[in-house]
Amino acid sequence: MKLGGVIKNISYSFSANLISLAISVFMVMFVPKLLSVNDYGLWQLFLFYYSYLGFLHFGWEDGIYLRYAGKRFNELNRKTFAGQFYSIILLQVVLAVSISALGQVFVEDSDKRLALVCAIWLAPFVNFNNLCNFIMQMTNCIKEYARLLSMERIIFFLGVLFFLVILGWNQFFYMYSAQFFAVASLAAVGAYLCRSLLSPHFDTFKAIRVEAYENISVGIKLMLANIASMLILGIVRYGISMGWDVATFGKVSLTLGVSNFLMIFINSVSVVFFPIVKKMDEGKRSEVYTVIRNTLTFLLFAGLIGYYPVRYILSMWLPKYADSLVYMSILFPVCVFESKVSLLINTYLKSMREEFLMLKINAVSVAFSLLVTIFTIGIWHNLNAAVCSIVVVYAFRCVLAEYHVTRLLGLNLRRNILEDLLMCTVFVVSGWFLDSFLCMAVYGAAYIMFVMIHRHSLQQIIGMVKA
């Protein structure tokens, strides 16, 4: 695929993620003001259950994504995919009925039962939509994927505006109605885009079962790896929530949220690159890995400079959080390590079908996160150390994962890894001990030195972009 096409696809994905972010910011800022405390609590409980619906296919859809990424849409076997589509929908309906029945029996709290039932009956729509999204991604139909992603958020946003702002119906039921209408509308559009794969002409039951088994056996490893990835940060955050009050937890969460804004762009790029890398000639993967890594390193280290104006603006806008914004100097490098894992390392591991290795790397990182949390919070009870442990854990996972992927590719990048760790250390130390102007000067000088050392790589990248 030509560079112009790659950049165009990245812009589609980035725009869709930016729209989603803007709507999420609105929801956080204004919905708590519009709903009563009880209705907002019910909505948050619903969202908690809703966030786990994507795991109810048990890796089935992840397996399809891994096995068929890089194919064109018209190369997909219609009978095979029709069997998988309808089987997944049937599974979701069975699970919705079963969990609803169990909820009626075992969940005594009426609000919790309502939130659970409301969430679980969206599972057929959610996982149908997820599969449509995966198909658009893996066949490089990024424009259609971006439309699906942004459409759901926009419809939901308009529904919230209509019910809560225009009509003034400030109740959980109407928030849920907006969400239901959004996922149902998206399912209709997804069914139209994938209509050729939904024709009710299937393979034999045996063929459907064999295909499903292969997809789940592959995808369950990736799904477990993703769950483990969530736990890496989740364990530390849970430890902070248990060791300190809600206000402190909120301040740390704010700085984490701000430092993760850069991940919007990175996730946009990773969606585009996976089908390209999957389809790439194996002989070129090592060379391309080095080029992408160098490009990403230059961009990420330049992006860290944005910490200084962001911290100044936030300290003016949110004076109550000014004392905790120093943690941003520690947590911004999380973006560097997580971006390399998300965009580059995981993309390569998935393309080489090393999802079990991904699971092992994340499992080891979860164990390391647990040990660090026990020490910094349980034994030492030091908030600064606990926050520092977040970037340490992410650095550990990044180094461990890159060691394995470079070994598979036959590359030796130990010097580059050490340089990355040194640059992040300079950023953290200068941001923690110096004021904004001085730390910006120190890190800026370090970045200029880094660019000068790697000027030949930078010239190569610029030449490729101009070509």
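**Exercise 1. Work out what share of the chain's contacts with a separation of 6 or more joins residues 24 or more positions apart.**

Step 1: count a contact wherever heavy atoms lie within 4.5 Å. Step 2: keep the pairs with a separation of 6 or more; residues 24 or more positions apart account for 85% of them. A word on the source: this is a predicted model, where local features need pLDDT of at least 70, side-chain atom pairs count only at pLDDT 80 or more, and totals for chains, interfaces and linings use all residues. Residues are numbered from 1 along each chain as its sequence is written, and side-chain values use heavy atoms, leaving out hydrogens and water.

**Exercise 2. Find the largest nonpolar core and the element that gives the largest share of it.**

Step 1: join buried (under 20% relative accessible area, 1.4 Å probe, protein chains only) Ala, Val, Leu, Ile, Met, Phe, Trp, Tyr and Cys residues through side-chain atoms within 4.5 Å. Step 2: the largest such core has 65 residues, and Y289, Y348 and Y443 are among those with the most contacts inside it. Step 3: helices are DSSP runs (H or I, at least four residues), numbered from the N terminus; α14 supplies the largest share, 13 residues. Step 4: look around Y443, whose contacts beyond four places in sequence include F301, Y308 and F427.

**Exercise 3. Decide whether L438 is buried, partly exposed or exposed.**

Step 1: locate L438 in helix α18. Step 2: partly exposed runs between the buried limit and the exposed one, over 50%. Step 3: L438 has 42% relative accessibility, so this residue counts as partly exposed.

Key:
Helices (H or I, at least four residues) and strands (E, at least two) are DSSP runs, numbered from the N terminus.
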